[in-house]
Amino acid sequence: MAIPLKYNMRNLRVRWVTTLMTAFSITLTVAVFLVLMALAQGLQTSLTATGHPLNLLIMRDGSQSETQSSVQRDSLQVLRYLEGIAKTGKGEPWVSPELIVLINLPRRGQTQGSNVTIRGLGPEGFALRPEFKLVEGQAFRSGMREVIVSKRIAERFQNCGLGEKVKFAKGHWTVVGVFDVGNTAYASEIWTDANDLAQDFDRDAYSSVFVRANDTGALNRFKQQVADDRRLH
C-alpha cells in the first residue's frame, strides 16, 4: 500500500534537522556548480577577447603556459625572417619577443600581497594588441626603468599609481602610464621593456614570441615552419 502524502509531510516536520541539512547540502552543491560555471565562462570570455585571428604565440615545445616557456635569443632571429610574417610600415617583421615574470605586491589598504604578472614587450608589442589604449601618462621608454600598469593594477595595488615607484627585482621602477585593454587577459598586468626586464632578472631567454601573419594561409604555413624547424625546439 502506498504511503500517504501526509505521512511524508509530517516526517519532514518531525525530522526537521535532517530536512534542513539536506536542503542546505543541495543549495551548497548548486551554488558551487554556479560559481564554477561562472568562472569557466569568465575565462572563456577573457581568452576570446584577448585573441586575434592572425596573431600567433610561440612557446617552447611542451610548455603549457608562458611562465613555463623559454625561447632562446638566437631562435628569435630565426623567427623574425620566416616566410609569412606581416611587416610594419617601416618594413620590419611584426614580431614581439616577450618575457613573463611573477612578483608579489601588497594590495592597497592591506599588508598581504598577491601575485602580479609583469610582461616585458618588444617594440611591436603594442601594435600587436589592437585593444590596447593608454588612458593616462605615456608609454615606457627603454633603458629608463619605467613601467605602465593596467587600470586594475593601479586601483588595487600599492605604489602602482601614476607617478609612483614600485619595487621589484634590483630596484625601483617608475609608473609612467596607465592603460586599458578591456576584458582581456592583459587587464591584470604590468608592462615594461623586455630587455630591461631580462637584465634586472638575469634572464638570457624570452618566455615567448608574439607574431602577426599576413593572412590565414600564411598563418598556417608559418605554424608548419615553426613545427618543422628544429632550431626552434
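This is a predicted model: local features need pLDDT of at least 70, side-chain atom pairs count only at pLDDT 80 or more; totals for chains, interfaces and linings use all residues.
R212 belongs to strand β11, which covers residues 208-212. Is R212 buried or exposed? With a relative accessibility of 9%, R212 counts as buried because that value falls under the 20% cut-off. R212 also sits 9.8 Å from A127, C-alpha to C-alpha, although 85 residues separate the two in sequence.

S208 is found in strand β11 as well. Its relative accessible area is 0%, so S208 is buried. The side chain of S208 makes a polar contact of 2.7 Å with that of E66. Which other residues does S208 meet, once neighbours within four places in sequence are left aside? Its contacts are L57, I58, M59, E66, V71, S96, P97 and E98.

## The nonpolar cores

Let's turn to the nonpolar side chains. The largest nonpolar core has 20 residues, and those touching the most other members are L105, V147, V149, V166, F168 and I190. Which elements give two or more residues to this core? They are β3 (95-106), β4 (113-121), β6, α4, β7, β8 (171-180) and α5 (194-200). Strand β3 provides the largest share, with four residues. As a general point, nonpolar side chains in soluble globular proteins tend to be buried together.

Not counting residues up to four places away in sequence, L105 touches G113, S114, V116, F157, C160, V166, K167 and I190. Another core, of 15 residues, lies apart from the largest one and includes L79, Y206, V211 and L219.

## Positive phi in two loops

Most residues other than glycine have a negative phi, which makes the next two worth a look on your screen. R145 is not a glycine, yet its phi is positive, at about 55 degrees. Where does R145 lie? Its place is in the loop between β5 (133-137) and β6 (146-150). R145 counts as partly exposed because its relative accessibility is 27%, between the 20% and 50% cut-offs.

N159, again a residue other than glycine, has a positive phi near 60 degrees. The loop that holds N159 runs between α4 (151-156) and β7 (165-168). N159 has a relative accessible area of 39%, so N159 is partly exposed.

Key
Residues are numbered from 1 along each chain as its sequence is written. Side-chain values use heavy atoms; hydrogens and water are left out. Buried means under 20% relative accessible area, exposed over 50%, partly exposed in between (1.4 Å probe, protein chains only). A nonpolar core is a set of buried Ala, Val, Leu, Ile, Met, Phe, Trp, Tyr and Cys residues joined through side-chain atoms within 4.5 Å. Contact means heavy atoms within 4.5 Å. A polar contact is a pair of N or O atoms within 3.5 Å; within protein, one must be able to donate a hydrogen and the other to accept it, and residues adjacent in sequence count only if both atoms are side-chain atoms.
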